[in-house]
Amino acid sequence: MDQVDYKILKLLQANARETASSISKKIHLSVSAVIERIRKLEESGVIREYTIIVDDAHTGNALTALMEVSLENPRYYEEFSGMMQDMECIVSCYYQTGDFDLLLKISCSSADELERIHRQIMSLEGVKDTRTHVVLKTVKNIYSAIRQPVNR
């Protein structure tokens, strides 16, 4: 990937519906060259999918929480990960280092619903402990950082 590819990715991240024609004008490249570069980014897996960002408050999910989960033993990882796939309220699940094994991002309608989710997760086999943080305000939220690697 070169500097032009990174520019294309940033534009598509800001607006996945951006046309090749519009991108070509912004980065001073022909439309056909932009289309070819996007096709290569898709084929190589750099661009995995195009999606939308929904305002949770408008869909009835006004509460966001981050829950750290500690497992009793690493052997519970696969089963726990599978269960997270089936819970619609879990929007992200990260396996991590540190005192807790996993970090969950939860989107739900209320504190009562969060309490039900917490009880459900605590009742899963292999869950040893949790720590939950309620998000007061989202300061920054992008899917991934698009920046060129620093050359050393």
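This tour moves through the structure in stages, naming at each stop what to select and what is found there.

The structure is a predicted model, in which local features need pLDDT of at least 70 and side-chain atom pairs count only at pLDDT 80 or more, while totals for chains, interfaces and linings use all residues. Residues are numbered from 1 along each chain as its sequence is written, and side-chain values use heavy atoms, with hydrogens and water left out.

**The sheet**

Begin by selecting the strands; helices (H or I, at least four residues) and strands (E, at least two) are DSSP runs, numbered from the N terminus. An open sheet is formed by 4 strands in the order S2-S3-S1-S4, with antiparallel pairing; two strands pair if DSSP finds at least two bridges between them. At the edges are S2 (90-95) and S4 (127-134), each with a single partner strand, so one side of each has no neighbour in the sheet. On average, neighbouring strands of this sheet are turned by 20° against each other, direction ignored. Here axes are lines fitted to C-alpha atoms, for helices over the stretch in contact, and angles run from 0 to 180 degrees between N-to-C directions.

**Strand S3 and its partners**

Next select S3, residues 102-108. Its antiparallel pairing with S2 extends over 5 bridges, and its antiparallel pairing with S1 over 7 bridges. How enclosed is S3 by the rest of the structure? S3 is largely enclosed, because 5 of its 7 residues are buried; buried means under 20% relative accessible area, exposed over 50%, and partly exposed in between (1.4 Å probe, protein chains only).

Individual pairs can now be picked out. Thr64 has Ser107 in S3 as its bridge partner, and Tyr95 stands opposite Leu102 in S3.

Ser92 lies in strand S2, and its bridge partner in S3 is Lys105. With a relative accessibility of 18%, Ser92 counts as buried. Leaving aside residues up to four places away in sequence, Ser92 touches Leu103, Leu104 and Lys105, where contact means heavy atoms within 4.5 Å.

Follow the chain from S2 into S3. The two strands form a hairpin with 6 residues between them, and Gly98 in the turn has a positive phi of about 110°.

**Helices H2 and H3**

Turn now to helix H2 (residues 20-27) and helix H3. Their axes come within 8 Å and cross at roughly 110°. H2 is therefore roughly perpendicular to H3; angles under 35 degrees count as roughly parallel, over 145 as roughly antiparallel, 65 to 115 as roughly perpendicular and the rest as oblique.

Which residues of H2 and H3 meet? Select Ala20, Ser21, Ile23, Ser24 and Ile27 in H2, which meet Val31, Val34, Ile35 and Ile38 in H3. The residues of this contact divide into 7 nonpolar, 2 polar and no charged. In that grouping Ala, Val, Leu, Ile, Met, Phe, Trp, Tyr, Cys and Pro count as nonpolar, Asp, Glu, Lys and Arg as charged, and the others, Gly among them, as polar.

**Salt bridges**

Finally, display the charged side chains. A salt bridge is a side-chain nitrogen of Lys or Arg within 4 Å of a carboxyl oxygen of Asp or Glu, and by this rule the count comes to 8.

Arg119 is partly exposed at 47% relative accessibility, as is Glu115 with a relative accessible area of 43%.

Then select Lys40, whose side chain meets that of Glu36 in a salt bridge (4.0 Å, N to O). Glu36 and Lys40 are 4 residues apart in H3, again about one helical turn. Arg39 is partly exposed at 32% relative accessibility, Glu36 is partly exposed at 31%, and Lys40 is partly exposed at 48%.
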